[in-house]
Amino acid sequence: MSTDIPTIVIPYRDRQSHLSCLLARLHDFQVIVVEQMDDRPFNRGALLNIGYVQARNRGATRVILHDCDLVPDDTLLAMYKEPWPRRIVHFGARFRRYNNSNNYFGGVHGFEHGYFPGYPNNFWGWGGEDDALRKRVPFRHVTYARQGEYFDLEGFRYPSHKLRSLTRAQKCNNKWELLKHDNMHEDNHRIAKDVQWQVQWQPCRDNVQYGQVTFTHS
């Protein structure tokens with residue numbers, strides 16, 4: 001098991017106050033912020049794929065994929081750094097909005113190198129990509145955080161409240177069709193099926209590197 005301090009990857013667009021709060025808590029980590037610059041629906045899965053590859057290119061052996069609106073307490077921050085009991089850790093299991101759901105597999109994940117199957121790159125808008133990830137990971141290598149808590153900067157108490165806050169244009173309206181036909185061998189962090197992008201990486205400053213992503217085709 002790797003004991004290196006993980007690199008944290010954050011998918012981002014238009015949430016500066018949330019990002020600032022999270023970065024203040026992550027000052028002991030190397031952080032990669034992957035920002036979507038175009039006006040297409042948010043593509044969280046592709047952004048996380050891009051950030052994961054960049055982290056590995058920079059030598060990371062453990063990578064945490066982290067939503068920008070979840071701020072970890074001291075217990076979770078310590079767990080990030082400690083040796084993990086298995087190769088994949090779902091830290092997001094401590095997200096109170098969803099912690100009564102056995103199907104929730106989102107928010108924050110830790111992966112040791114060689115165990116990230118990649119997200120699909122074709123989920124445009126909110127919802128579905130974490131369901132695809134859940135189907136892709138080998139669960140014999142997965143464990144769940146059982147202590148700690150996240151402060152939810154969005155402030156929604158229940159998943160239904162989040163759903164009602166979104167417009168149709170902000171949701172991934174074909175997620176069930178995409179899930180049905182998802183193929184991890186044809187679309188992942190190494191192979192982008194029918195999706196292209198350009199990335200402008202900025203120099204690392206105060207342990208944070210920004211990548212500005214513009215999607216060009218799908």
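A nonpolar core is taken here as a set of buried Ala, Val, Leu, Ile, Met, Phe, Trp, Tyr and Cys residues joined through side-chain atoms within 4.5 Å. In this predicted model, the largest such core holds 26 residues, among which I8, I10, L26, V31, V33, Y80 and F91 touch the most other members. At least two residues of this core are supplied by each of β1 (7–12), α1 (16–25), β2 (30–36) and α3 (74–81), and the largest share, 4 residues, comes from α3. Contacts of Y80, leaving aside residues up to four places away in sequence, are made with P6, I8, F29, R62, I64, H66, P72, F91, V108 and Y150. A second, separate core comprises 24 residues, including L48, L133, V142 and F215.

Strand β1 is mostly covered, 6 of its 6 residues being buried. From this strand T7, V9 and P11 point one way, whereas I8, I10 and Y12 point the other way, and all of them are buried. Strands β1 and β2 run parallel and are joined by 6 bridges; within β2, E35 is the bridge partner of Y12. Together with α1, these two strands make a right-handed β-α-β unit. Strand β1 also pairs in the parallel sense with β3 (residues 62–66), over 3 bridges, and L65 in β3 is the bridge partner of V9.

Side chains of opposite charge can pair when their charged atoms come close. Over the whole structure, 9 salt bridges are found. One of them is formed by D74 and R25, whose closest N and O atoms are 2.8 Å apart; this pair links distant parts of the chain, with D74 in helix α3 and R25 in helix α1, 49 residues apart. Because its relative accessibility is 56%, D74 counts as exposed, while R25, with a relative accessible area of 28%, is partly exposed.

A salt bridge also joins the side chains of R44 and D67 (2.8 Å, N to O), connecting helix α2 (residues 44–57), which holds R44, with the loop between β3 and β4 (70–72), which holds D67, across 23 residues. Both R44 and D67 are buried. A network of salt bridges links R44, D67, E129 and D130.

Notes
Residues numbered from 1 in each chain as written. Predicted model: local features only at pLDDT ≥ 70, side-chain atom pairs only at ≥ 80, totals over all residues. Heavy atoms only, no water. Buried < 20%, exposed > 50% of the residue type's maximum accessible area, 1.4 Å probe, protein only. Contact = heavy atoms within 4.5 Å. Pairing = 2+ DSSP bridges. Right-handed = clockwise from strand over helix to strand, strands pointing away. Salt bridge = Lys/Arg side-chain N within 4 Å of Asp/Glu carboxyl O.
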